[in-house]
Amino acid sequence: MTVDIGLLWDEETITGELLGGHAVQCRTDCCRYLNLAHTTGRFTARAATSPREGRFALRLGEMFSPPSAEQVLAPLSESRRNLDLDVLEAGKRWEFGGGAYDNRVWWPIVKCGSRADAESLAAELREQPHVDPLAITVVRLDDTEPSAQFEFTLGDFSARVLEVRAVPLARDTIFRLNDVPIGRGFHWQRKEALDYRGVLSLFSSAGGLTAVNRLPLETYLKSTVGSEMRSDLPAAFSQAQAICARSTVLATANRHHRADGFDLCNDDHCQCYQGIQREAGAVAEPVRATAGQILLFGERVVDARYAKACGGLSERYEAVWGGEGPAYFAVRPCGDFAASDLASEDGARLFLESAPPSWCNPALHPYPDPWDKEPLFRWQFRFAPEKLGTLIEEKTGSAGGRVKELRPLRRGASGRILVLDVVGSERTLRVYGELNIRRALSPSHLPSSFFVSDLRADEILLTGGGWGHGVGLCQLGACAMAKAGTSTETILARYYPESAVVTA
Ligand SMILES: [Zn+2]
Ligand SMILES: [Zn+2]
């Protein structure tokens with residue numbers, strides 16, 4: 001089984017190198033191909049036309065059946081008759097091992113035209129009753145067929161083409177891509193030249209040029225597990241991580257990048273995949289040891305989300321992404337203790353000030369290097385109210401003046417704030433979604449949206465817990481469990497209750 005991983009997209013120029021011999025096939029129009037055998041050398045792909053903006057829509061959730069998607073649209077079709085509503089299918093059916101799997105979901109959407117139109121309608125709909133404000137996402141609608149010609153140069157060959165496929169001719173044949181971003185949209189974003197195995201495809205679509213890598217699932221996983229985590233961690237943990245990564249591919253392919261022409265991207269958004277540089281021997285071992293193993297919940301492969309440190313309790317899927325959340329993302333303590341109601345202000349504060357015997361509490365289970373250097377379980381940040389106002393304006397584009405209060409309107413079961421009012425000296429600004437809250441309140445990125453705030457004479461103090469969205473497996477908690485001798489199956493059963501590890 002192979003997967004298509006997006007390495008670059010929406011680019012004007014893509015450069016790289018073919019190393020070790022490739023058969024290169026260039027499609028020049030609907031039925032003409034140019035074949036170049038045994039090719040090596042540097043290449044450049046340059047878009048011939050400037051990118052079009054494309055068509056956009058608002059997605060109001062991801063649902064498990066067409067009727068439940070229709071149900072989301074029903075109140076809007078009555079109250080807002082001028083909206084262009086539709087239901088789209090995303091995901092796909094897979095053959096894997098001896099079985100067939102189906103990860104399809106149905107999107108209730110509102111067609112909008114430009115991205116700006118979609119964003120202004122999103123702001124309006126978030127305030128409407130019967131619409132889940134956390135589920136609203138702007139999505140691109142374009143089809144993924146190669147649509148425009150681009151300039152392709154390889155050594156002394158140069159042509160205008162619609163699509164290029166470079167197929168490796170030997171086992172150790174690789175290709176290199178320059179300037180591949182890592183950590184898109186995060187403060188740690190950087191660009192690297194990375195090497196890959198498998199087939200390289202280049203094509204041009206609405207947003208610009210795209211580079212896609214097609215390779216066997218197990219080869220991809222060797223790099224992914226290494227890109228997400230280190231190679232010197234307990235085997236039971238690395239094996240749990242390998243099973244999660246394999247399940248994530250089967251559960252999310254053609255969902256997050258439905259209009260982009262590939263199954264998953266190569267970054268934090270889907271799963272980090274940084275090519276052969278991350279395939280250390282010790283990392284390949286957990287992938288080999290769990291070959292073909294996936295997590296199943298009923299008939300569906302588990303969308304095995306994970307985050308660095310939950311902070312005490314795991315979060316529900318729908319609290320973070322809205323829509324219809326799978327039942328295996330139950331709210332559970334990350335350890336054997338009873339937790340109070342963290343959705344309330346008092347409950348959240350009490351829990352943050354306590355030291356629960358959580359698997360991700362480093363006072364009880366010290367973190368491995370390099371995470372032991374960072375405060376991930378409990379943390380504090382201080383801001384001057386004036387400066388926080390300026391920062392929020394920079395990050396969100398909306399000015400509210402000096403910050404007088406941070407008022408949570410809704411918290412999830414893990415204590416994460418889902419809707420926050422920033423009360424300013426000039427006006428109140430409402431921020432929806434844990435990720436937007438984390439981005440708005442920090443020059444880089446707050447560790448999580450699980451925090452309480454205290455206004456003192458000249459500062460606002462944030463006291464918080466956890467790193468990441470908190471849905472699914474807690475990586476540092478699972479690592480501590482593995483170190484204490486817990487098996488891979490028991491670790492997975494804690495974070496994805498009622499699911500089972502099966503060999504496909
Ligand atoms: Zn992605
Ligand atoms: Zn945890």
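Predicted model: local features only at pLDDT ≥ 70, side-chain atom pairs only at ≥ 80, totals over all residues.
Colleague: In what order do the strands of the open sheet of three strands run, and what is their pairing?

Modeller: The order is β19-β18-β28, and the pairing is antiparallel. Strand β18, residues 293-297, is joined to β19 by two bridges, and Leu296 has Val301 in β19 as its bridge partner.

Colleague: Why is one side of β19 and of β28 left without a neighbour in the sheet?

Modeller: Both β19 (300-301) and β28 (500-503) stand at the edges with a single partner strand each, so one side of each has no neighbour in the sheet. Helix α4, residues 235-252, lies across β18, β19 and β28, and runs at about 60° to β18.

Colleague: Which domains does the domain assignment give, and where are their bounds?

Modeller: The assignment gives domain 1 as 2-50 + 145-291, domain 2 as 56-140 and domain 3 as 307-471. The centres of domain 1 and domain 2, taken over C-alpha atoms, are separated by 29 Å, and eight residues of domain 1 are in contact with nine residues of domain 2. On the side of domain 1 that touches domain 2, the residues divide into four nonpolar, two polar and two charged.

Colleague: Does Glu318 count as buried or exposed?

Modeller: A residue is buried if 20 or more other C-beta atoms lie within 10 Å of its own. Glu318, found in helix α6 (residues 317-321), counts as buried because it has 20 C-beta neighbours inside 10 Å. Leaving aside residues up to four places away in sequence, Glu318 touches Gly323 and Gly325, while Ala135, 183 residues apart from Glu318 in sequence, is 7.9 Å apart from it in space, C-alpha to C-alpha.

Conventions. Residues numbered from 1 in each chain as written. Chains lettered and ligands numbered in written order. Pairing = 2+ DSSP bridges. Helix = DSSP H or I, 4+ residues; strand = E, 2+ residues; numbered from the N terminus. Contact = placed C-beta atoms within 7 Å. Axes fitted to C-alpha atoms, helices over the stretch in contact; angles between N-to-C directions. Domains from an automatic or database assignment. Nonpolar A, V, L, I, M, F, W, Y, C, P; charged D, E, K, R; others polar. Buried ≥ 20, exposed ≤ 12 C-beta atoms within 10 Å, placed from the backbone.
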